[in-house]
Amino acid sequence: MPAVRDSLIAFRRTPLLSALSITTIAFSLFAVGLFGLVVLNIRDALEKVEEHVEIRAFITDKTPVEQVALAANDVAKYDEVQSVDLVTQEQALERARRELGEFRDVFEAEFLPASLDVHLKPGFRDPASVRRVADRLKALTFVDDVRYGEDWIEQLYRLRNIAGVAAAALGLAFAAIAIIIIGSTIRMAVLARSREISIMRLVGATDAYVRRPFLIEGFIKGVLGGLLALGLTWLAIHLVSSYLSFQTVFFDQRLAIFGLAGGALMGLLGSAFSVGRHLRRV
Amino acid sequence: MIRFTRVTKEYPRLGPALSNVSFNVAKGEFVFLTGPSGAGKSTILKLIYMEERPTDGEVRVDGMSSVTIRGAEIPKLRRKLGIVFQDFRLLEDRTAEANVAFALEVTGASRSSIPGKVSRALTQVGLASKAMSYPRELSGGEQQRVAIARALVNDPVLLVADEPTGNLDDRATRGVFQLLRDINASGTAVLMATHNLDLIRRSDYRSIELNRGQIVFDSAEAAKAAIERFAD
């Protein structure tokens, strides 16, 4: 395919400019990637915290265990519920002794009530869902009291919403900056070949013919820049993990491919925009 | 082949470049376009290969009209023309052969047909032995020959040359001019803009003289008038 060959020739003819374009694309995407990783890690941390969202329904004293066990099965069938643990008085005592080591002798048998510890499915750990399940549990005749750290959940979700909005706004800003930088870099490549473009048109090349190698070039630069950015991001997160002893998560395969496709698309659109503008002007 | 009908061209900031210009060029004709700098010679050539459109009037080239032609049809028109410039406009990083082949590649010619056509064009301009030379390794005259070979390789019906000898010494000028004559002799019409009055005097080709965007002399019209006077 002549257009692919022309694109590769263009890389060979202007190696410095091509390297500069790829590096610029890589660093623009690296900034987006780093930001993406920060967002990903914050989300991961929040999800881990959310896993601790738990509703504890305390059982009235002297309720037969069989009745509570049956109720636990019913509760486990709620849409929002992931699992239900039936904690007997003995287990509650054991847990209290384990958690409050130095006061272990203070507790005596049957001092603490039995409970149903209800864990919610991801997506149902927001304040409204938690409140809804808590209300249903409260309605059970043998339930004395329901606790779920209402304030704590409210604050967690406020933090999550702020992080989400900030991530979307900053992500858009980073992506816009990356597109502008990539567009300018490709425009430099187009200007460097403006003489060739004018000769092409004089000898009868169609605009589509002129545009094609630039689009392929932009696509290749976008993919190479994306790969480089992915490598740089991996290196950065690896350094942070090893030197600051943070446990971090990296992009999974789907997100990595999405990033590469984003780079390719930016290269393609940047080229289409720059060549189109140039062809309209000359 | 070419018909200008009351063509006016005005540039937004520079004002009028051509005013009410009309002339015809027949198939296979050789015509000089002459006049001082800024007279409108290059504008006429740009109107022919439709890099510019007239502000008023009509330009027709090989059946295509400036009034009705669509942007997408302009490449088709240019493939029928050969265009040569004073500054050669060669790609410095390609050999003579690659520069000529370039004109075929962009028109989508089959890959197998390109080497033969390029070789013939370079032989026609006397540069077969320098096919692998880069423009910087060639003299001005040789570079212009490569540009002419590039213009010829698509078998144009009209060769448009804008001051093709403007950057050349006398010897190279004579060589390039002889080449254009040979091309014309084989049936291709040639329209050559030039300042070189010597060339015009040494040949008996038609010349059109422009001044301030208007035709002030056309040797064909003058000859027709002389014949009419003689007949009277």
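How many of the 13 residues of α5(B) are buried? The legends below refer to a predicted model.

**View 1. Helix α5 of chain B and its surroundings.** The count is 11 of 13, so α5(B) is largely enclosed by the rest of the structure. Helix α5 of chain B covers residues 140-152.

**View 2. The length of α5(B).** At 1.5 Å a residue, the 13 residues should span 18 Å. The end C-alpha atoms of α5(B) are 18 Å apart, which agrees.

**View 3. Packing of α3(B) against α4(B).** Helix α3 (residues 96-105) and helix α4 (residues 114-124) of chain B pack at about 120°. Their axes lie 9 Å apart. The two helices are therefore oblique to each other. Their crossing is right-handed. From α3(B), the contact uses B:A96, B:E97, B:V100, B:A101, B:L104 and B:E105. From α4(B), B:I114, B:K117, B:V118, B:A121 and B:L122 take part. By class, this contact has 8 nonpolar and 3 charged residues, with no polar ones.

**View 4. The contact between chains A and B.** Chain A contributes 11 residues and chain B contributes 12. On the side of chain A that touches chain B, α1 (2-13) and α7 (194-202) each supply at least two residues. α7(A) gives the most, with 4 residues. By class, this side of chain A has 7 nonpolar, 2 polar and 2 charged residues.

Methods
Residues numbered from 1 in each chain as written. Chains lettered and ligands numbered in written order. Predicted model: local features only at pLDDT ≥ 70, side-chain atom pairs only at ≥ 80, totals over all residues. Axes fitted to C-alpha atoms, helices over the stretch in contact; angles between N-to-C directions. Parallel < 35°, antiparallel > 145°, perpendicular 65-115°, else oblique. Left-handed = near helix turned anticlockwise from the far one by under 90°. Contact = placed C-beta atoms within 7 Å. Nonpolar A, V, L, I, M, F, W, Y, C, P; charged D, E, K, R; others polar. Expected span 1.5 Å × (residues − 1). Buried ≥ 20, exposed ≤ 12 C-beta atoms within 10 Å, placed from the backbone.
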